[in-house]
Amino acid sequence: MRLVETGNHAAAHAVRLARVEVVSAYPITPQTQVVEEISRFIDEEGYDCEYIPVESEHSAMAAMIAAAAAGVRAFSATSSHGLAYMYELLHWAAGIRLPMVMANVNRALGPGWNIWCDHQDAMSARDTGWIQLYCSTHQEILDTVIQAYRISEDPSVFLPVMVCYDAFTMSHTYMQVDIPEQETVDRFLPPFRTSWRLDPRFPLTHGSVIYPQDYEETRYSIYQAHRAAREVIRRTAEEYRDIVGNYHGDLVETYFMEDAEHAVVAVGTLALEARVAAEELRGAGYPCGVVRIRSYRPFPFEELRELLGGMRTVVVLDRAVSFGLGGILASEVKAVLGGEGPRPVSLIAGLGGRDVPYTLIAERTEAAIRGELSGEEWPTLALNERHLVSLRGLKALWGGERA
Amino acid sequence: MRIKDFPEEELLLPGNAACQGCPSSMALRLALKALGRNTLLAVIASCTSVLQSPFPATAFDLPVLNMAFATGGATGSGLAAAVERLMKKGVYRERPTVLVWAGDGGTYDIGIQSLSGAAERNADFIYVCYNNEAYSNTGTQRSGATPYAAWTTNTVKGKREWRKDVAQIMVAHGIPYVATASLAYPTDLFEKFTRAKGIRGTRYIEILAPCPPGWKFPSGHTVKVARLAVQTGLWLLYEHREGITTYTAGTQRIIHGKARRLPVEEYLKAQGRFRHLFYPERDEERIAEIQRRVDRVFETLEFTHRLKQHIMDIEMLPPR
Ligand SMILES: Cc1ncc(C[n+]2csc(CCOP(=O)(O)OP(=O)(O)O)c2C)c(N)n1
Ligand SMILES: [Mg+2]
């Protein structure tokens, strides 16, 4: 079935096709439509699922952990402040090794209230043990949510998976989405698998006090599961292509990288802008390609090393900042390259939904290629009159030179 | 029901890491006897997280999920939703009881939102607050359940505020069952758990849990202190179903005039946490304040009881 749907509705379709049994969620813009659509499926279309309209995101995640612990497939969706509110339990979910999937619509964090896209929310939660997959099309949202259950429930992984996509540019726009048949998805996705569940016949205790002589091993097992997940993500993407038919890359997706000498690295819809920029640059005679990071955790360091090691120029687009360090993705790409190959140029842009036109990406990438740009830059920064926090604003506030 | 009729099977095993005289372990033991083996237990951050013993040992002969501090109501909701699914799929032959076990800090303070949400949704589980009137696990800090004038490590001259009453807040949620219980009245406690088990929806049971190191009394006095709380009227035993509150056990005996209510002093004096009310000199004012509060509560309770008796007497008169 082919529909024209929002990204949020694509996620809802995937939840139903994955035969999720418990959904617990709390409303936050721009995620609301995901859960509204799921509840409509339940009320009007006979989708057999328990929906818990919890009173907070902290509770959403707690209820999800409990449901998965009892042995059913669970889902939630959130964004930004909601994800931040869950933070304690993100650790809990991964630490107790329960498979589950959550959609996170990437949105900026306040203050001030900003409902538009950036990646600060999910990237701030990168070290919780969750697998994080980022999408760039509506079709990919649907396919990735279904794939995420396979990855999450793989016996060598057993970790929660977060499926991320950009606020509004993906959550609320309409695109064509192929909704696969239920039987097709059933062939791809077996019934819920987990390593443990609460069962009166096997009275085991989970998550109690653990001393230093054992705790580190539990952390190491998560570390290993993330290593194993790399292969599982690759295999899952291939099997999905074979059974359902769509393919969006595995840990990364590349555009024009076969003969590229310059590369732009990005996540989400920015990678699609970068692809248009790369086409422009190719027109101007620069062999440019794009690497879209699909799996942010586990990080695709083998792929990136292989793809970027031989480049003459690497530009990394970041829609999030590690304050006191720099572009989050840029610093990770640098770490992966470890001084081998080119020194990546870091562009931090598009925070809080600010538009990043492909022309700008093309222009700054060309500057980097020509050696006119090195280090780090905020190319969309405008420092306009209204900004009291800008230097100009501070000067106006304090008068003259004091700022 | 008599104590010797309680099931012999122990679901909280001996040799666990609880302190001597720990009221939580005593309450758990009795509650689990009433609920039986077909129970999914969620333990919320508290002393109970610790007393079950560290990994890889466990004192529970039940499936247990330990959860974060503010999650009681939501954890119960998630377990209940999953049980619903698993019943539909025929994974369980008999519906397991979902039991959430939390302290007063986890209930009165950090977890009240989650509990209130679950109760409003009438999620199908039993929530127990074992109320030791402080954050015992972190070294006895005050909570919303700590009574007026009680010493804790962050109210060294005695708490300035009166405690709130979460059981009454739960009554206001209109859930199908709310009860209070005491370790000193084990058959009453056992019967309340048995009744709760037979009801669907959110059920709330709060157990007063005198904590020897936190309240500063000898570890052999847990039950004695628990009994004094009821006998002095500082802890009320009741259950609330379908809009009707029924007082039970020791509290009922006082209201019905079958037992004398003891002065609060007897309870206060039995614990080191109220020592500053008596030493170096008596703090008449605060002792009297506490007494006055209880007196007022019982005036109303006894009046209501007498009124009811009176109406029943009139109604039972033969027609003229
Ligand atoms: C979010 C969070 N904040 C603080 C703590 C620390 N903490 C663990 S147990 C506890 C006290 C629990 O008090 P209560 O619920 O009354 O149970 P008790 O220890 O008295 O049995 C605290 C403050 C925590 N685990 N999680
Ligand atoms: Mg306590």
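Student: How do you know that five salt bridges cross the interface of chain A and chain B?

Tutor: The rule finds five there, a salt bridge being a side-chain nitrogen of Lys or Arg within 4 Å of a carboxyl oxygen of Asp or Glu. Keep in mind that this is a predicted model, where local features need pLDDT of at least 70, side-chain atom pairs count only at pLDDT 80 or more, and totals for chains, interfaces and linings use all residues. Side-chain values use heavy atoms, without hydrogens and water, residues are numbered from 1 along each chain as its sequence is written, and chains are lettered from A in the order in which they are written.

Student: Why is the pair B:R85 and A:E21 called a salt bridge?

Tutor: The closest N and O atoms of B:R85 and A:E21 are 3.6 Å apart. The cut-off is 4 Å, so the pair qualifies.

Student: What makes 41 residues of chain A part of the contact with chain B?

Tutor: Contact means heavy atoms within 4.5 Å, and those 41 meet 43 residues of chain B.

Student: What makes up the side of chain A that touches chain B, by class?

Tutor: That side has 25 nonpolar, eight polar and eight charged residues. Here Ala, Val, Leu, Ile, Met, Phe, Trp, Tyr, Cys and Pro are nonpolar, Asp, Glu, Lys and Arg charged, and the others, Gly among them, polar.

Student: Why do β9(A) and β2(B) count as paired?

Tutor: Pairing takes at least two DSSP bridges between two strands (E runs of at least two residues). Two bridges join β9(A) to β2(B), so they pair, and they run parallel. In this pairing, A:T205 stands opposite B:V64.

Methods:
Helix = DSSP H or I, 4+ residues; strand = E, 2+ residues; numbered from the N terminus.
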